[in-house]
Amino acid sequence: MRYRVLARAGSKRPAAYVTTVLLVLSALLSLLLPAPVASAAPAAPADETCGTAAVAGLNRGTLEAADEVDCFVLPFPAGAVITMPQDRMAGSAVPAIEIVDGATGTKLCEPAYHAPGTCKLVGAGPHHVKVRASDGTITPGVPYGFFLRRVDEVGGCPMFPAGDFTAETAEARFSTADGAFAHCVSIPASDHSEMEIVQARRISGAKDANVRFWVVDDTGRHVCDQPDYRNYWARCDLAAGRSYSVVVAGHGGAGAFGLVRRDVTATARGCETGKATAVGGPAAVGTFSSWPGAPVCRQVTTDDARDVLYVNERDGHNDAYHAVFGPQGQLSCNLTWDQCAVSGATRYQAIVTTRSNSSYASAPFRLDVQRIRTPDGPAPECARPVNISYGYGPLAGRLDEEHTAVCAALPTYTGDAFDAVIEDTETEGRRAVLSVFDVSVDQCTDFSTRIDCSVGSGPRRPKPTVMVLGLAEWSSRAAYSTELVCAQPVCGADEVAFTALTPAVAASGTKARVTVSGTALRAEHRLRITHPSGTTVESTTLAVSADRRSMTAEFDLTGAPVGAWSAVAVHGPSSPQRVTSLGTFAVTKPGTAGLGLFQPLTPTRLMDTRAGIGVPKAKVGPGGTVTLQAAGAAGIPASGVTAVVLNVTATAPTAAGFVSVYPAGTARTSASNLNFSAGQTIPNLVVVPVVNGKVSFYNRAGSVDLLADVAGYYTTAEPGSTYKPVTPTRLMDTRAGVGVPKAKVGPGGTVTLQAAGAAGIPASGVTAVVLNVTATAPTAAGFVSVYPDGTTRTSASNLNFTAGTTIPNLVIVPVVNGKVSFYNRAGSVDLLADVAGYFTTDGTGSGYEPVTPTRLMDTRTGLGVPRAKVGADRTVTLQVAGRNGVPDGVTAVVLNVTATAPTAAGFVSVYPDGTTRTSASNLNFTAGTTIPNLVIVPVVNGKVSFYNRAGSVDLLADIAGYYTG
């Protein structure tokens, strides 16, 4: 290999001269240097042939042979930091160049080109630049070049003036013609902001004329660079108090260039100003009025640093880009032609530019900066969908320069994913663009043929987003149709769940409309009911609520068998489908649609004026009323209840009087439920309609304490039991051993009666029985409770009596194991029980319709029957069908019957007209007493009959409701 020593940059010496000089120098050095130490590690051979001094600036040379090496001695001290671009201009040779430590031969670095950088001269030096043919061949006589600049100190370069965003901005200018491929400029420490953008532009020259530049601080640290002037600008973080060098190197053809630096912090100069608008507000209009690629600045303010601003530029030519900088020059939105969002400041610099070869350098543009979120949440202009389980939309509308965007606040969760569909409904192509912002990050990716939007990753948690639909970069109007479609089984907060089906009863032969409640419901979900025979009916979805928490569907029950069906919700893929049980759905006989079905309850005390249960603690005074909230208490649903069954007891009255129980908020009629004398304790069963979930209790005279124990309720909103009347029959008599052993029930004693399977009551499917229970010949004052067998007895009572009295009361009691139990509190007492009917879930019975309590019969006034007491062993017959809202064809009526002013002890039996009366009784009384009792009696020929056993008695009958179907 041949080395050449160049006397100065660009000169040559004859080869023989060089060889002679080298030989002489070598001999002298061998005499002067000490002998090497044997134990020392061998060092790389020192380069003793390099003697040409390089200069700070441009250095040139030529290579004549493929194995020739040119060597230059660097003019910088050890430890200096330098940069060295290589000549890449058209027509220049591009040999391999490296910087080495001349003492050791260690390679330090190569010229800066594609990755502009710096080189620190480590080692003791001297340091050399070695140039050799890069591929072993050269073109003799073609010059090469490199540019040296020390960058850890400032000086020797022209000053780089600060520019601005006006068309007349200051700039540094230079040319890459005539071999001057590289230049440098300096930025003084006192004349820059903390964040600037530096941009090169081509003023003239060859089509392939180009430059690259890089910025280095006064410690030699690389700050920023741009390898191609067509790549817009470099963003440079300039520390306060430091000076900087900018090195520019040409490549390609020769040309004239300008270099501009601009402040992009809050102190930026030459920016137009304005405030962020509401979503959809008008855009700011600007003009590109300088050279292609020259940026325009708009400084935008907002009221709160927590605001989120949507930014979108449009020039009509798909030729513009924008970036947004914060008050300290921090990059809030990277250079893009897509919409973006920014947050964290009250002042921003929005920079809009075009491509460097744009044909629309003087064209107008529009900039949308709109507030999509405030500290209080999404902007008030944003729609607020309550549920996005399966997406959002479709939405349709128009955008134009007066209404540039629409938005929606989406209740999304981490991990949600959507496919976005956008259609232009009037023109070719998409003229509206969609973003979904998690604060200021757009979660959507446009794949040209589709748009995917994802809301982060990680554990499921609320992560609300704002969807914005704005105008595309090239458009000023759009007629759109758009929809976000959940790209997974479900999005948002909810999982698919079904909680309740209402009403869960309908008549056979109808088209039953039902509502299922739950979460994440959709039209594709189906309800299915199945009869024990295997018959199934599947629903048709009619509507789903906006919050997807209720779905309305319809069952076609044409030909559906009567009975209890199992109900399920079906969802998920076809295989396997997910099935959720919704309990029982009752299909009743035709004609019972909309009627109440009975739900028996464990007897529970709802009201006690003595203890303040349900109402204030106080007796009810003369003419006074107390109102009880029944719905929502003790197992009674909060809605869908038509009537409640209460055992009402009056105790410790201070005067003779009566109590009326009626629907709250309605006009009270003359009907009564309990009649009492002073000091008497008397119960009576009441079936009373519910209005607004409440019932009211009115006391006629004196003061009285009132108790109310619930036995059940009627509903049209859930499965229940229909009523089947039977011929009144005695099921139990402890005096004769009927149904139970022959013996009085002792104090604290209980007897249990087998009800199912007896006297026309089915052996199964019975939920409750209706019994007229009579206590007779008690040895002490006490009470009797009737309750379901095998359950825990509550504090509720059904009959209250004093020693020696006979008192009846109607009882509706749930059946467990086909049995009911009777508990006696004190003394010994005989008990009788006459069955009036039963409730069943097989759908074959009748539904209940409550009515406003109304007096149908009063023998004292001739109401309903002739005006006369009912004599001994005599009967009066009352027409009930067709009167006071009772339709023809009813199966039974509910009457509160009162016997008053009897002339002798006796009893009254109420039974269906035209049938044989049995031994069952409904009211038992002594001479001169007034006693009421509730009666549920079958209706035959539209009538019911009243039989009096002894003496003469006046009878009153108030209707509470009827069974039909």
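Aspartate 319 and arginine 355 bring their side chains together in a salt bridge, with 2.4 Å from N to O. Aspartate 319 sits in the loop between strand E24 (308-314) and strand E25 (320-325), while arginine 355 sits in the loop between strand E28 (347-354) and strand E29 (364-374), so this pair ties together parts that are 36 residues apart in sequence. Keep in mind that this is a predicted model. Here's a tour by topic, starting with charged pairs.

**Salt bridges**

- Side chains of opposite charge can pair when their charged atoms come close.
- How many salt bridges does the structure hold? There are 35.
- Back to the opening pair: is aspartate 319 buried or exposed? Aspartate 319 counts as buried because its relative accessibility is 1%, under the 20% cut-off.
- Arginine 355, its partner in the salt bridge, has 37% relative accessibility, so arginine 355 counts as partly exposed.
- Glutamate 272 and arginine 298 also meet through their side chains in a salt bridge, at 3.5 Å from N to O. This pair links distant parts of the chain, with glutamate 272 in strand E20 (residues 272-275) and arginine 298 in strand E23 (residues 296-301), 26 residues apart.
- Glutamate 272 is partly exposed, at 42% relative accessibility.
- Aspartate 228 and arginine 230 form another salt bridge, 2.7 Å from N to O. Aspartate 228 is buried at 12% relative accessibility, whereas arginine 230 is partly exposed at 44%.
- Some charged residues join up in a network: salt bridges link Arg314, Arg366, Asp368 and Glu401.

**Disulfides**

- How many disulfides turn up in a search of the whole structure? The search finds nine.
- One of them joins cysteine 109 to cysteine 119, with an S to S distance of 1.7 Å. The two cysteines are 10 residues apart and link distant parts of the chain: cysteine 109 is in strand E8 (residues 107-109) and cysteine 119 is in strand E9 (residues 119-120).
- Why is the disulfide of cysteine 109 and cysteine 119 left-handed? Because the torsion about its S-S bond is about -90 degrees.
- Cysteine 109 is buried at 14% relative accessibility, and cysteine 119 is buried too, at 6%.
- Cysteine 157 and cysteine 184 make another disulfide, with their sulfur atoms 1.8 Å apart. Cysteine 157 lies in the loop between strand E11 (144-150) and strand E12 (172-175), and cysteine 184 lies in strand E13 (residues 182-187), 27 residues apart.
- The S-S torsion of cysteine 157 and cysteine 184 is about -90 degrees, so this disulfide is left-handed. Cysteine 157 is buried at 14% relative accessible area, and cysteine 184 is buried at 12%.
- Cysteine 224 and cysteine 236 are joined at 1.9 Å, S to S. Here the torsion about the S-S bond is about 90 degrees, so the disulfide is right-handed.
- Cysteine 224 and cysteine 236 lie 12 residues apart, in strand E16 (residues 222-226) and strand E17 (residues 233-237). Both cysteine 224 and cysteine 236 are buried.

**A look at cysteine 333**

- Cysteine 333 belongs to strand E26 (residues 331-336) and is buried, at 4% relative accessibility.
- Beyond its neighbours within four places in sequence, cysteine 333 is in contact with His322, Ala323, Val324, Cys340 and Val342.
- The C-alpha atom of cysteine 333 is 9.7 Å from that of serine 343, 10 residues away along the chain.

**A four-stranded sheet**

- Four strands make an open sheet in the order E57-E64-E59-E62, with antiparallel pairing. Strand E57 (722-733) and strand E62 (807-814) stand at the edges with a single partner each, so one side of each has no neighbour in the sheet.
- From one strand to the next, the twist averages 20 degrees.
- Strand E59 (residues 766-776) and strand E64 (residues 830-840) run antiparallel and are joined by 10 bridges. As an example, alanine 775 has leucine 831 in E64 as its bridge partner.

**A look at asparagine 824**

- Asparagine 824 is in strand E63 (residues 819-824) and is buried, with a relative accessible area of 0%.
- What does the side chain of asparagine 824 reach at 2.7 Å? It reaches the backbone oxygen of glycine 827.
- Not counting residues up to four places away in sequence, asparagine 824 touches several residues, including Val745, Pro747, Phe783, Phe801 and Val829.

Note on methods:
Residues are numbered from 1 along each chain as its sequence is written. This is a predicted model: local features need pLDDT of at least 70, side-chain atom pairs count only at pLDDT 80 or more; totals for chains, interfaces and linings use all residues. Side-chain values use heavy atoms; hydrogens and water are left out. A disulfide is a pair of cysteine sulfur atoms within 2.5 Å. Buried means under 20% relative accessible area, exposed over 50%, partly exposed in between (1.4 Å probe, protein chains only). A polar contact is a pair of N or O atoms within 3.5 Å; within protein, one must be able to donate a hydrogen and the other to accept it, and residues adjacent in sequence count only if both atoms are side-chain atoms. Contact means heavy atoms within 4.5 Å. Two strands pair if DSSP finds at least two bridges between them. Axes are lines fitted to C-alpha atoms, for helices over the stretch in contact, and angles run from 0 to 180 degrees between N-to-C directions. A salt bridge is a side-chain nitrogen of Lys or Arg within 4 Å of a carboxyl oxygen of Asp or Glu.
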